[in-house]
There are 2 protein chains.
Amino acid sequence: MTQPLDLPAEDVDFLISSHKVDGTPVRTRDGVALGAVSTFKIDRRTGQVTYVVLRIGGLLGIGQTFYPVPWSALTYDAENVGYVVSIDKRLLEGGPSFSGSTEPVFDRAYAGRVSSYYASVA
Amino acid sequence: MTQPLDLPAEDVDFLISSHKVDGTPVRTRDGVALGAVSTFKIDRRTGQVTYVVLRIGGLLGIGQTFYPVPWSALTYDAENVGYVVSIDKRLLEGGPSFSGSTEPVFDRAYAGRVSSYYASVA
């Protein structure tokens, strides 16, 4: 049903380079295509990905909406070379989001908002 | 002595976006400029940065050499907005490296070579 990306062998089931994160497919638990990873937000000190910004909708990059979610909401699906997000689509749509032209400063306050929203709906 | 990069407020001491990793300054323990981060290699399942590819030397991107090192060799230096690498420069130069045109497939075997080299010289 889903086509694996044309990724180099290095990336299929082990490591991904930071500059190749964008575009990794994201699906719902039901296997429905939801969007893609836009960026990983990485803790500079620990090297742990803490949030993932998903991009959903739009055509050819125009009209996309960006949804930051906690890393813990994603599970890697090696078979389909992508992530499964454990958040219901309607919950996601009610959560923090932004468009390409209104990207917020992703500081501790904003990160706290994202964490609080998903903690309260989990 | 060192100039902080012109980074947005979000990135100075908390999170960095995966597409902004490239160019983060790397210094020796003595504070000497060594090079920069080229890419983080991130474990797809855990979201943990496992290796960091450093780029050293060259002019305007030409003639650079790339050195993969374990994440554990780097410590974040908030004051200088960069990383301090705990590996002696000569050890680094004797370790696994590649040029832009000979980038290896960063599979488990290659990662194992990197880990083994630095485990044996640590």
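Across the interface of chain B and chain A, the rule finds zero salt bridges. This is a predicted model, and in it the two chains meet through other kinds of contact. Polar contacts are one of these: 18 residue pairs across the interface of chain B and chain A are in polar contact, with both residues at pLDDT 80 or more.

On the side of chain B that touches chain A, the elements giving two or more residues are β1 (15–17), β3 (33–43), β4 (49–56) and α2 (108–121) of chain B. Of these, β3(B) supplies the largest share, five residues. Sorted by class, this side of chain B has 19 nonpolar, nine polar and nine charged residues.

How much area do chain B and chain A bury between them? The value is about 3400 Å², and 52% of it lies on carbon and sulfur atoms. In chain B, the residues that lose the most area to chain A are B:Phe14, B:Leu15 and B:Arg44, which together account for 27% of what that side buries. Counted by residues, the contact takes 37 from chain B and 37 from chain A.

Strand pairing also joins the two chains. Strand β3 (residues 33–43) of chain A pairs with β1(B) in the antiparallel sense, over three bridges. Here A:Ile42 stands opposite B:Ile16, a residue of β1(B).

In chain A, the side chains of A:Asp22 and A:Arg55 meet in a salt bridge, at 2.8 Å from N to O. A:Asp22 lies in the loop between β1 (15–17) and β2 (25–27) of chain A, while A:Arg55 belongs to strand β4 (residues 49–56) of chain A, so the pair ties together parts that are 33 residues apart in sequence. A:Asp22 is partly exposed, with a relative accessible area of 46%.

In chain B, the side chains of B:Arg55 and B:Asp22 meet in a salt bridge, at 2.8 Å from N to O. This pair links distant parts of the chain, 33 residues apart: B:Arg55 sits in strand β4 of chain B, and B:Asp22 in the loop between β1 and β2 (25–27) of chain B.

Conventions: Residues numbered from 1 in each chain as written. Chains lettered and ligands numbered in written order. Predicted model: local features only at pLDDT ≥ 70, side-chain atom pairs only at ≥ 80, totals over all residues. Heavy atoms only, no water. Contact = heavy atoms within 4.5 Å. Buried area = accessible area lost by both parts, 1.4 Å probe. Salt bridge = Lys/Arg side-chain N within 4 Å of Asp/Glu carboxyl O. Polar contact = N/O pair within 3.5 Å; in protein donor to acceptor, adjacent residues only side chain to side chain. Helix = DSSP H or I, 4+ residues; strand = E, 2+ residues; numbered from the N terminus. Nonpolar A, V, L, I, M, F, W, Y, C, P; charged D, E, K, R; others polar. Pairing = 2+ DSSP bridges. Buried < 20%, exposed > 50% of the residue type's maximum accessible area, 1.4 Å probe, protein only.
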